[in-house]
Amino acid sequence: MMNISEYLRTNITPPVFSLMTVGVAVNLGMGQVVALLKIPLYLDSLGTVVVAALCGILPAIITGIISNLLASAVFSPAMMFFIPTMLVIAILAGIFAKKGGFLHWWKAVLSGVFVGICAAIVSAPISAYLFGGITLAGTDFLVLYFRATGQELLQAVLYQGLASDPVDKGITFLLAYAILSKMPRNLLLRFPGYHHLQPRNQP
Amino acid sequence: MIRYLPHPVPTVSFLLCIIISGFILTTGVKYLLSVLLLLFFAFHINGKKILLTILKIVIPLCIAIGLFMTFIYPETERWVTIGGMRLSHEGLTAAGDMTSRIIFLFTGIIAFFNLITIQRLGSYLYQKNLPVWLVFILINGLKFVDRFRAKLNEIHFYQQIRGMPLENVWQKWRATVKILIPLLYVMIEESSNRAIALEMRGFTATAQRTALQPDIQTTTDKLITFVFFGFIILLLVFGFIV
Amino acid sequence: MIQVKKFSCIDEFGSPVIVDASFTVHNTDRVAILSRSQESSTILCHALAGILHRTHPLHKIEGSIFYNDRSIEEIDSHERTNSIVYVLPNSDMLISGVKDTVFGEIALSLELIGVEPNVIRARVSHILQQLDIERLADRDPDNLSGGERHKVALASMIIRRPDVLILDNPSMFLDVTGVTNLLNILRNYEGTIIIADPNPYIWSGLSNRFIVIENEHIEVFNSAKTLIGALGNQIIPLELPSWTGLYLKLRDTLELNDEIDSTHCLPALRAVSGALP
């Protein structure tokens, strides 16, 4: 049995925690990219997904938690309450990366859509209970629509989440795949999760 | 002006207290406490900043929620008419409950992040023997966002020169990929060089760390922590009994 | 003591970077690595620091490097970085930002390896004084100029006093006084120093051994004298700008004929570039 500090020392090596910092920066900075290119998505878990693919589940979880903590300091305090969503994304992204989810673009999209569904299910109760489904984003109209058709609040928020999250996460995963598949091998080889990104028959 | 910038321990206990009481206290009490909090912070060093942030984030959110709840609330059984408008009674109650919670929680959290800097929190965690990499990520996360933005603007500029139409979905996708690949390449490459530098600085050392300036809590700090924890215990006890 | 035995490095496209290098670096040696290509000297530095297989994972590495009779790649990271420290040329990377003052940032290097606070204070003050950056002690490391940051970064590495200090291109961001201060520190350093720098004549006063990488082959000279002699007699076709420049200048000013003798060359070199051993 390894103790915790020994486990952390062998798993969170300098390349890993250095990449985790980049992951946090990517998570927080994607808002700017989205605004610059006028894309109607969040893509704010790209950093977590990249870290999950390159380093594994635990680094991705820590990246996610710290991103949301820092986001609640700079953007909106609401982010602090969505840490569970980020946790689900981190864990599932790590598992899918290990199972070869980043080997083909369609696998990446499928895992992204699945992660999106799970994220919507986790974030719906939080969003409904704390904010009544209002996040001051474009998708609020969906909640309004579902409410106007007589749905309960939690259901309306869940439907809204199911309508937007799978698309968002699917594209996030596809982007992560596109980015990682274009990175040079000698860079990716420095990270522990590299062998999950390459087909087995290749050296 | 209150010149007291507290120690991380009372500040974190303040945050805990805010989060727990935000879910237990009743609507009226929360409104009252929020006003008291706002008044307290109005006279604080960062008072203006805190008030501005609340105006920018919390008020629009609350207005949106209020409007949404009072006009579209399908479960309505009682209607009230205010100023010629027919509003849902249940919706108003729910909106009041929700907005009170949001104002209270958000005020508390915004105040928390203004009472303490991430740097201060990180240096406290460092002294409490948390892994140094965790402190590194916490402190450098925000600093790296600035680097990310600078690089992003640079790459965006050059890609625009090369031509980057944004008319349809496919072009937007191409543009996103064209910007993100060089951006992440630069960031990841830099991070792997940084990894060598940090390793050489002894971030992998296993020796017991020492602290140059041990972090000492004053009596005021201890007292404040004690008060907040007492409040949390009271809340939990009464919250579950009532 | 570092022993390099038949070390070869071939890059990912199959072209050799270093071929069949064998040499020994003894304790308290001051080695200068001179190379026309920045890449080959950096690769040699990484190899000596034991990180080559991680920084260049696709390079084919042959031969072995031993540190105190142990293969350098088998030594654990925390143990290795206690005795061998590689200083990157890019100073931005070396400042961790964990502490909000320059003093704290330099002290962090010692806090992490568990040095007593009193000793830390004394050593940090000493190195700040040596590098002439005492006025920066209370500044935020993020708000420094490039040169100041580089000095802080150097201080935070040198203060660890490893047995082997490998400096990659240290003069890149340093001004003249910075170089002089660094030279003074390194002169009294108790341990091995390995410097790779494209400006070799800055370090010629310090080094007692020179490793010249020319066309992937390594040649070792045990004194500045033999190196100058080799240059003068064209034994190695070295075209390092500063060395050749200096050599040609000397030849013109002293009106020496082409078959320059190192005994003529050395006094003149002393006069031009300061003290040579």
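This is a predicted model: local features need pLDDT of at least 70, side-chain atom pairs count only at pLDDT 80 or more; totals for chains, interfaces and linings use all residues.
Biologist: How many residues does each side bring to the contact of chain B and chain A?

Modeller: Chain B contributes 64 residues and chain A contributes 65 residues. Together the two chains bury about 5,700 Å², and 83% of that area lies on carbon and sulfur atoms.

Biologist: And which helices of chain B are on that side?

Modeller: At least two residues each come from α1, α3 (47–71), α4, α6 and α7 of chain B. The largest share belongs to α7(B), which supplies 20 residues of the side that touches chain A. Sorted by class, the residues on the chain B side are 47 nonpolar, ten polar and seven charged.

Biologist: How many salt bridges and polar contacts are there between chain B and chain A?

Modeller: The count of salt bridges between chain B and chain A is zero, while five residue pairs are in polar contact across that interface, both residues of each pair being at pLDDT 80 or more.

Biologist: Switching to chain C, what does the contact with chain A look like?

Modeller: That contact takes seven residues from chain C and five residues from chain A. The area buried between chain C and chain A is about 530 Å², with 55% of it on carbon and sulfur atoms. On the chain C side, C:Arg54, C:Pro57 and C:Leu58 account for 62% of the area that chain C buries against chain A, more than any other three residues. The chain C residues that touch chain A are two nonpolar, two polar and three charged.

Biologist: How many salt bridges sit between chain C and chain A?

Modeller: The count there is zero salt bridges, although three residue pairs are in polar contact between chain C and chain A, again with both residues at pLDDT 80 or more.

Biologist: Are B:Lys151 and B:Glu190 buried or exposed?

Modeller: B:Lys151 and B:Glu190 are both buried.

Biologist: Which salt bridge does C:Arg149 make?

Modeller: The side chain of C:Arg149 meets that of C:Asp92 in a salt bridge, 2.8 Å from N to O. Because C:Arg149 lies in helix α7 (residues 146–158) of chain C and C:Asp92 in helix α4 (residues 91–94) of chain C, the pair ties together parts that are 57 residues apart in sequence. C:Arg149 is buried, with a relative accessible area of 12%, whereas C:Asp92 counts as partly exposed at 28% relative accessibility. Through shared partners, salt bridges join B:Lys143, B:Arg147, B:Lys151, B:Glu190, B:Arg194, C:Asp92, C:Asp142 and C:Arg149 into one network.

Biologist: What about C:Arg70 and C:Glu79?

Modeller: The side chains of C:Arg70 and C:Glu79 also form a salt bridge, at 2.9 Å from N to O. C:Arg70 is partly exposed at 40% relative accessibility, and C:Glu79 is partly exposed with a relative accessible area of 36%.

Biologist: New topic, how many disulfides are there over all chains?

Modeller: A search of the whole structure gives zero disulfides. For C:Cys9, the nearest cysteine sulfur is that of C:Cys45, 13 Å away. C:Cys9 is buried, with a relative accessible area of 0%, and B:Cys17 is buried as well, at 4%.

Biologist: Last one, where is B:Leu15 and what does B:Leu15 touch?

Modeller: B:Leu15 is in helix α1 (residues 8–24) of chain B and counts as buried at 10% relative accessibility. Leaving out residues up to four places away in sequence, B:Leu15 touches A:Met80, B:Ile109 and B:Phe112. The C-alpha atoms of B:Leu15 and B:Ala111 are separated by 8.9 Å, although these residues are 96 residues apart along the chain.

Biologist: And which residues does B:Arg101 touch?

Modeller: With residues up to four places away in sequence left out, B:Arg101 touches A:Tyr129, A:Leu130, B:Gly22, B:Phe23 and B:Lys30. B:Arg101 is part of helix α4 (residues 89–115) of chain B and is buried, with a relative accessible area of 4%.

Technical notes:
Residues are numbered from 1 along each chain as its sequence is written. Chains are lettered from A and ligands numbered from 1 in the order in which they are written. Side-chain values use heavy atoms; hydrogens and water are left out. Contact means heavy atoms within 4.5 Å. Buried area is the accessible area (1.4 Å probe) that two parts lose on being put together, summed over both. A salt bridge is a side-chain nitrogen of Lys or Arg within 4 Å of a carboxyl oxygen of Asp or Glu. A polar contact is a pair of N or O atoms within 3.5 Å; within protein, one must be able to donate a hydrogen and the other to accept it, and residues adjacent in sequence count only if both atoms are side-chain atoms. Ala, Val, Leu, Ile, Met, Phe, Trp, Tyr, Cys and Pro count as nonpolar, Asp, Glu, Lys and Arg as charged, and the others, Gly among them, as polar. Buried means under 20% relative accessible area, exposed over 50%, partly exposed in between (1.4 Å probe, protein chains only). Helices (H or I, at least four residues) and strands (E, at least two) are DSSP runs, numbered from the N terminus. A disulfide is a pair of cysteine sulfur atoms within 2.5 Å.
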